[in-house]
Amino acid sequence: MGTVVHHRYATVRGHRLFYREAGSADLPTIVLLHGFPTSSFMFRNLIPQLAGYRVIAPDHLGFGLSDAPTVEEFDYSFDALAELTHGLLEQLDVQRYAMVVHDYGAPIGWRLAIANPESVVAVISQNGNGYDEGFVPSGWAPIWAYQRDPSSENEATLRGVFTLAAIRGQYVTGVADESVLSPDTWTLDHAYLSRPGNAEVQLKLFADYVTNPPLYPALHQWLRDNQVPVLATWGKGDPFFGPEGARAFARDTDKAEIHVMEGGHFLLESACDEVAALIREFLVKYLPAA
């Protein structure tokens, strides 16, 4: 099993976005939306296991190999990132798709689904939160403090998240055998975050995350109205999004399949083959491959 992965760029509303693509344009489409602090690199092992589909995995603006204008040059928000993603999908003539969402990819994906409710035919959430009970308070405390009061002290605390040790911590927490994790992941993430001006980009998005929970009722209504199929594959040791966030999907759609698994925030790094098998079994029912 496997497929050729292409590495491409597109200019959307004046910004150059990098994306990985596999499969031809006539195949059913899956859109993969990454989270913080990574990029589409997190899907490098998953994409080849989705043969029979067109797979598109962009780097959000400010992340990975996409443009990373400063906060003075671009007004970063989750609304803005969703608009750019929509623009990329329009340019690639993607009108109907399943989406895989992780971390930040979830609020971006929820905006796409709410704005275009007929376009998204299935959701695969890998620790992509959509419920208040999904938040782990200890992991979110410094972000919530900064949202309430963006003081220099709270900002300094939050900047600690950008260190190599902190990024590594996101990967290893909840993983029983750290030796299965590739150090390339946190090393690469740290390099991208260390570019001049990027810390300020990430602080802007941390502050804007406050806009995401208010969208949850609309997300839940979309799930209920359309009975959207949802596969939640969740690393139970995630220090930011707990398993209750996965289980909550079953409240709003009868087509929810919940798998709380051994692992952490980046489940694909320690259990990619298992997750890929679950995704393929799920999509056979709701978006059959060619």
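D75 is exposed, with a relative accessible area of 57%. Exposed here means over 50% relative accessible area, buried means under 20%, and partly exposed is in between, with a 1.4 Å probe and protein chains only.

A word on the source. This is a predicted model, where local features need pLDDT of at least 70, side-chain atom pairs count only at pLDDT 80 or more, and totals for chains, interfaces and linings use all residues. Residues are numbered from 1 along each chain as its sequence is written, and side-chain values use heavy atoms, with hydrogens and water left out.

Back to D75. Which residue forms a salt bridge with D75? K204 does, and the closest N and O atoms are 2.4 Å apart. By salt bridge I mean a side-chain nitrogen of Lys or Arg within 4 Å of a carboxyl oxygen of Asp or Glu. K204 sits in helix α7, residues 198-208, while D75 is in the loop between β4 and α1. They are 129 residues apart, so this pair links distant parts of the chain. K204 itself is partly exposed, at 31% relative accessibility.

Now the whole chain. It has ten helices and eight strands. These are DSSP runs, numbered from the N terminus: helices are H or I with at least four residues, strands are E with at least two. The C-alpha trace spans about 55 × 40 × 40 Å along its principal axes. Of the 290 residues, 55% are buried. Take contacts between residues at least 6 apart in sequence: 74% of them join residues at least 24 apart. Contact means heavy atoms within 4.5 Å.

R8, E21 and R54 are linked in a network of salt bridges.

How many salt bridges does the structure hold? The count is 14. In one of them, E83 forms a salt bridge with R13, with the closest N and O atoms 4.0 Å apart. E83 is in helix α1, R13 in the loop between β1 and β2, 70 residues apart. E83 is partly exposed at 44%, and R13 is exposed at 52%.

Another joins E262 and K236, at 2.8 Å, N to O. E262 lies in the loop between β8 and α10, and K236 in the loop between β7 and α9, so the pair ties together parts 26 residues apart in sequence. E262 counts as exposed at 57%, K236 as partly exposed at 42%.
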